[in-house]
Amino acid sequence: MNKREDSSSISSNSWISFGTPVEDEEHLKSSRSPRHSSSSENPKLTPFKLRHSYGINPRVPLVNLTSKDRTLIAYACSHATALYDYTSRDMHLLQGHQNYVSMISTDTEGKWLLTVDSGKDNVVIIWDTETRVPICTLFNPHGMEEILAAKLSPNAKYIVTIGNGIEMTIKFWLWSYGRHESDATAVLTGLGNDRVKEIIFNSEFSNHFLLGLESNLVFVTWDNQTLNWKIAKINGDAGRLGLFNVSTYIMKTHQVWTGTSNGHILVLGDILYRECFSTKRKPSNFKTHVKSLRLQSCEISAITSHENVVVVGNVLGHIKFYDNQLRLMFCCQKFGLDRITAISFHLNSRRKAPIEVTSESFVVSSTSTLDRTENSKDDVDNEEMDGEPPSDDQSRGPALEELLLPRRSKHAIEKREKFANLDSNITISLDLAPPVNPDEDQIVLDNRVMSQKPEIIPSDYTLEQTPFIIDDFIVFTGTSRIARVETSSLKCHYISHQAAAAVTAVDTHPDRDILATGNMAGGIHLYEYNNHHLLVSKQTPPIPSFEELIASDITGAIRNYVTCVHSHQEPLAGVTALRFSPNGKNYITLYTLRYGTQLLILFVIQFPGRELACGMQSGVLWILNPSTLDPEDRLPFKHSSKSLLDIVYSEKSDFMAYRDDNMTVGAYHYAASSAETGADLAVWNFLGKYQSHHLPIREVLFGPPLSGGSVPRLFTLAEDCNFIEYDLENSGPYPEPGLKICKVICIESSAIPLCMAWYPKFEVERFFVFSNTEERTLVRLPGLQCFDTMQTQFLPTRNMHNQAYMVFATDTQIGLQLLPFDGNPFMVVGIVGHPQMITHMTLSCCGEFLFTLGYRDPCVLMWKINPRAVDIMAKLGGSSLSPFYCLIDGGQDGWLLNEMQDLFYYAQILHQGENTTATRIVSDKVSITQLPNLMRAVGYYPSACELEELMTEVVSKNYAKTGQLVEEITFEEFVKLYVNHRPVFGTSMQQIKKAFAVFGKPEMENSPIITREQFIEILTEHGDRMSTEQAYKALSLLMPVEDESEKDAADINFSFLPADISYKDFAVEILGIEPTAEMNIISSAKDTPH
């Protein structure tokens, strides 16, 4: 596909889509711009719809949007934001970013949700959480700078953004008024390399906010015109306190508390004496350091203020409640949690749940009971109150509960009743509370404990033992655990437990709706992706000692399992490849067993997907049960010292191959157990391995056997441009003869191949599809001659015209292509799939869903494929040459197309003869012998190899159908050939410089120069060679000489050329190219000292 100008590119200038005052909510809805009304405004033209995310970004704290009428949370997953209803288990993903979502915030009522990404073309979006509609968008609010932090004010009137420049810039936006520029700006100075980590608003005075840095605290005030800021001075030894992690404004006080990495709490205030908050004097936002207290012995990672209680979370997963005087009131530490990164209370509003969301079950359900704790190990000695309070035998009934209700929360009991019968969601995990039986991979649930309900409201830790009642809240941890805590009932409901490690492998079952994922921590998860149930989650088996196995081996059978005992200095437990055995034919395996005097015959039917191959970062290959994830064999295979990057099966699952990070390919043959062979157990026999490439292998692929054969064909493609076929029929066992190579073919001359696949079988012959770095897709016959070239996993579905579809991925985008390939830009549509490089993608067994995985991304995204989108685009593009006009300079009425028409007619004249007196015959066809001259006449100069491929493609285009060779082409075919074969990018000065550097002297690498004799030698003896006469004729036309008469080879003299030729001389003096800005850039880079 030719590279077209991206119409969706964003200007570097920041602007707002539209805006109205927040207070006029009805007017805001009625004036909503259709252009930003919804991310799925026209679903017919959307090729992929994001349905689900398996994973959470643990670096972005979640936001609790739960109110009296909904149970909703928002969290980041890749470049989208998930709105997840943990009661109905509905999920909707908000799409609008092309970078990772880095920040999420909301107002006090949960009406508006702000999402931010940081990177190139970053945006800030405000969403309506009830309608899931984007209301306001700020494009590049800090120009070319990335966004360091951003937050929405509690009253939803203001947005504060921080730019990540050399000097950080604060921008203050009254977003609801729709201004295109920020309403105030301030530049932070005097902070050195310290960077802003968070923005904290004062919930009672929204024009007061705090910027939290690692070593500083900056207080900022908006006075309706300008931003005033001040750096708080910290008394004493700041290094003793540790790094500043989290801060919060304490409600109903003049104070700010900051938690540090050493467990200290810094108290800052605007008064040094006790003063009632209700005085008429308005608190100042410019706080001073009052005191510091070692509150805990471990790092404080979360802090928030709710009503009259301050809740603190630490890295051990403990949650503690303090009053405004830093007195411990309650503590919960047996929650089975890890590092607390966010504590978010339910909202006191009546906001409704999002509408029109398809119900999707998330994970299996269970409930865990939590109790209060005794003395916490992470507390210091002066916290003597943190203990189990004295028992109280007197029960407290509903009357007492209602009496005590106003002290803490007016709707706490209502909340408890609402969630009384709600099952929690808990992910199956070996290290998650409640306790786990070490012999079984199942969570042990004590029905007696689970059914118990507290008869009394828990008391706080004061001497009065006052009933402790507080609103429910959501906890988010560093390992992506999400839990809903009910302190009044002493319960913690696990909503989700996604793996925080980056997912590195993914595959789908060939016959069932099952998704398998593997991560860098060695975990493997099986999901039922229709209902999004987590079926099984396990760690890979422990790797045995291969040295001991080889030392104890007597028969030599261990060689089939281990040939490389290389051990790594660091344990490499990551899963790098997963593959289900394909949907081959079902077959029957015969087992013969002798029981006493009787001979028993056992038939075992093998079904598709009988096993799951798991490749490891350490080079180990496990064969696992696809349902239980238990190893099928007690020993793994270890034939590589590097990571296994890919594993493939043959169509019938009788052969398996892998490629690793050491440019090596290995192959196995499946030997089924039978009475004839005498084998008691089915086993994979290792055929051998071969380091067949000198650059990384991009693809390994099985193909059908040749006509009359039974053994499949194995191919590899690497960045060294070599396409290799292996001789599996004569390979094995290891080490002699091992894996044997059948043929090696170089398929590229300049570009680097990236991937290959089998083209759908439309005709008698089968074809390969290749893609390369020149943004081309090549379709070739198995014999490797070029069949079709196009500038740019196949779906099993077809449209009404029996056309198939192809799904593809670029670095960051996923696309849908309508087949066959012809270069039509309207037959391909795509969207952003991941913010960073897409490393894996796989289709569901039904072909309706696509699963994608990004580089170092903990989220696997599930997309619903919409083939109708590309059908509509192809229809809108038109027929004949209409879709191709946009790829030609000047378009339909431009100079180039008119020139091509004139040249096409002139080629007919040349073919018929210029001086003929016969009647001229004008047709819409021209002989293919004129094709090379036509291509050169319109500016495309193919090499001899490229010209051979071009002619072969044209001549044999219809041979598979008709058995005849093509001798003429139409004007439409000529235009399509030109559009698809011409270079996507022109030759750059950098490429010319690199070519000259190959032949120039090494010491002149920055400014390569070759002599006149070298230049002529290169033209006549290297690459596409020219004869001396041809070189003289071409160069004399470019640089006219006085004597233009024809000369013999012996009389040819190139003295009209410069004695020394630099790459600039070649471009400017010989080729006549005008100097460009690129030449100046290269020159300045050359002259810059290093």
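This is a predicted model: local features need pLDDT of at least 70, side-chain atom pairs count only at pLDDT 80 or more; totals for chains, interfaces and linings use all residues.
Student: What describes two packed helices besides the angle between their axes?

Tutor: The distance between the axes. For α13 and α16, the axes come within 8 Å.

Student: Which residues of α13 and α16 meet?

Tutor: From α13, Met989, Ile992, Lys993 and Phe996. From α16, Tyr1063, Phe1066 and Ala1067. By class, the contact has six nonpolar residues, one charged and no polar.

Student: What makes the pair of Phe321 and Phe330 tilted?

Tutor: Take the distance, then the angle. The ring centres of Phe321 and Phe330 are 6.1 Å apart, and pairing requires centres within 6.5 Å. The planes stand at 55 degrees. Stacked needs under 30 and edge-to-face over 60, so the pair is tilted.

Student: Are Phe321 and Phe330 buried or exposed?

Tutor: Buried means under 20% relative accessible area. Phe321 has 0%, so Phe321 is buried. Phe330 also has 0% and is therefore buried.

Student: Which residues form one aromatic cluster with Phe321 and Phe330?

Tutor: Phe345, Tyr461, Phe468 and Phe473.

Student: Why is the pair of Phe723 and Phe770 called edge-to-face?

Tutor: The centres lie 5.6 Å apart, and the planes meet at 75 degrees. Edge-to-face needs over 60, so the label holds.

Student: What makes Phe723 and Phe770 a link between distant parts of the chain?

Tutor: They are 47 residues apart. Phe723 is in strand β49 (residues 722–727), and Phe770 is in strand β52 (residues 768–772). Phe723 has a relative accessible area of 2%, so Phe723 is buried. Phe770, at 1%, is buried too.

Student: How many aromatic pairs does the structure hold?

Tutor: The structure holds 39.

Student: Where is Ser581, and why is Ser581 called buried or exposed?

Tutor: Ser581 is in the loop between β37 (575–580) and β38 (587–595). The relative accessible area of Ser581 is 1%. The cut-off for buried is under 20%, so Ser581 is buried.

Student: What does the side chain of Ser581 reach, and how do you know that this counts as a polar contact?

Tutor: The side chain of Ser581 reaches the backbone nitrogen of Arg610 at 2.9 Å. The limit is within 3.5 Å, so the distance qualifies.

Key. Residues are numbered from 1 along each chain as its sequence is written. Side-chain values use heavy atoms; hydrogens and water are left out. Axes are lines fitted to C-alpha atoms, for helices over the stretch in contact, and angles run from 0 to 180 degrees between N-to-C directions. Helices (H or I, at least four residues) and strands (E, at least two) are DSSP runs, numbered from the N terminus. Contact means heavy atoms within 4.5 Å. Ala, Val, Leu, Ile, Met, Phe, Trp, Tyr, Cys and Pro count as nonpolar, Asp, Glu, Lys and Arg as charged, and the others, Gly among them, as polar. Buried means under 20% relative accessible area, exposed over 50%, partly exposed in between (1.4 Å probe, protein chains only). A polar contact is a pair of N or O atoms within 3.5 Å; within protein, one must be able to donate a hydrogen and the other to accept it, and residues adjacent in sequence count only if both atoms are side-chain atoms. Rings of Phe, Tyr and Trp (its six-membered ring) pair if their centres lie within 6.5 Å; planes under 30 degrees apart count as stacked, over 60 as edge-to-face and the rest as tilted.
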